[in-house]
Amino acid sequence: MIETQSQEIVVTTDPSRLDLDVIHGYLVRSYWARGIPRELVARAMAHSLCFGAFAGDRQVGFARVVTDRATFAYLCDVFVLESHQGRGVGKQLMAAIMAHPDLQGLRRMTLFTRDAHGLYGQFGFRESRFLDRFMEVVRDQPYSAAPAAGAPGAAA
Ligand SMILES: CC(C)(COP(=O)(O)OP(=O)(O)OC[C@H]1O[C@@H](n2cnc3c(N)ncnc32)[C@H](O)[C@@H]1OP(=O)(O)O)[C@@H](O)C(=O)NCCC(=O)NCCS
């Protein structure tokens, strides 16, 4: 477990501190996991290295890293609650992730983002030079929920 602190925000990997209500509450209305069932979020977290950002007792940010802790990591489910955005919490989460001892010396870290390239670019991420080699299987609308009007990241 690691813990970093700056001003009033603490970032921790302690699974017992993570607040599933907050995490699922955000992800279920996010643009990338809209409608995701609560038990699926819990299962994904149980098999990932998770980072929570806390303002006092309240969880205000989250990031999940799927990794073998040796060669590869996939960063996903990054969010900061609207009430705390734009104050450096996302950068603090990213700094904690990039400094985590189990994520050093990896051959590759990947992520997908619609518009936060400028955030991840500050931590060494670049657009892939290997898109022609990259393949995937994707299920569209896997949780078959209609987009919620006004949801964060909802397409304009
Ligand atoms: C993206 C997000 C995690 C950033 O967290 P934050 O605490 O608001 O961001 P910070 O205050 O730490 O600053 C982020 C920095 O990245 C930059 N940035 C680039 N693209 C950005 C974007 N789409 N959203 C927020 N910041 C962005 C900011 O300008 C800022 O740069 P600066 O260092 O020059 O000030 C947060 O705004 C969020 O949850 N957004 C909605 C969900 C989302 O899009 N998640 C990412 C999915 S890939």
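A: The answer below begins with the ligand and then turns to two further places in the chain. The model is predicted. In this model, 21 residues surround the ligand, and the closest are Val78, Val80, Gly88, Gly90 and Lys91. For lysine 91, an N or O atom in the side chain is 2.5 Å from an oxygen atom of the ligand. For glutamine 85, the corresponding distance from a side-chain N or O atom to a ligand oxygen atom is 3.5 Å. Valine 89 takes part through its backbone, where an N or O atom lies 3.5 Å from an oxygen atom of the ligand. Taken alone, the ligand exposes 880 Å², and the protein buries 71% of that area.

Arginine 64 counts as buried because its relative accessible area is 13%, under the cut-off of 20%. Its side chain makes a polar contact of 3.0 Å with the side chain of aspartate 77. Beyond its neighbours within four places in sequence, arginine 64 is in contact with residues including Ala44, Met45, Tyr74, Leu75 and Asp77.

Leucine 131 counts as exposed because its relative accessibility is 61%, over the cut-off of 50%. Together with Phe112 and Phe134, Leu131 forms a nonpolar patch on the surface, with about 340 Å² of accessible area for the three together.

Methods:
Residues are numbered from 1 along each chain as its sequence is written. This is a predicted model: local features need pLDDT of at least 70, side-chain atom pairs count only at pLDDT 80 or more; totals for chains, interfaces and linings use all residues. Side-chain values use heavy atoms; hydrogens and water are left out. Patches are made of residues with over 30% relative accessible area and no salt bridge: like charges are joined within 9 Å, nonpolar side chains (Val, Leu, Ile, Met, Phe, Trp, Tyr) within 5 Å. Accessible areas come from the Shrake-Rupley method with a 1.4 Å probe; for residues, only the protein chains shown count as cover. A salt bridge is a side-chain nitrogen of Lys or Arg within 4 Å of a carboxyl oxygen of Asp or Glu. Buried means under 20% relative accessible area, exposed over 50%, partly exposed in between (1.4 Å probe, protein chains only). A polar contact is a pair of N or O atoms within 3.5 Å; within protein, one must be able to donate a hydrogen and the other to accept it, and residues adjacent in sequence count only if both atoms are side-chain atoms. Contact means heavy atoms within 4.5 Å. A residue is near a molecule or strand if one of its heavy atoms lies within 4 Å of it.
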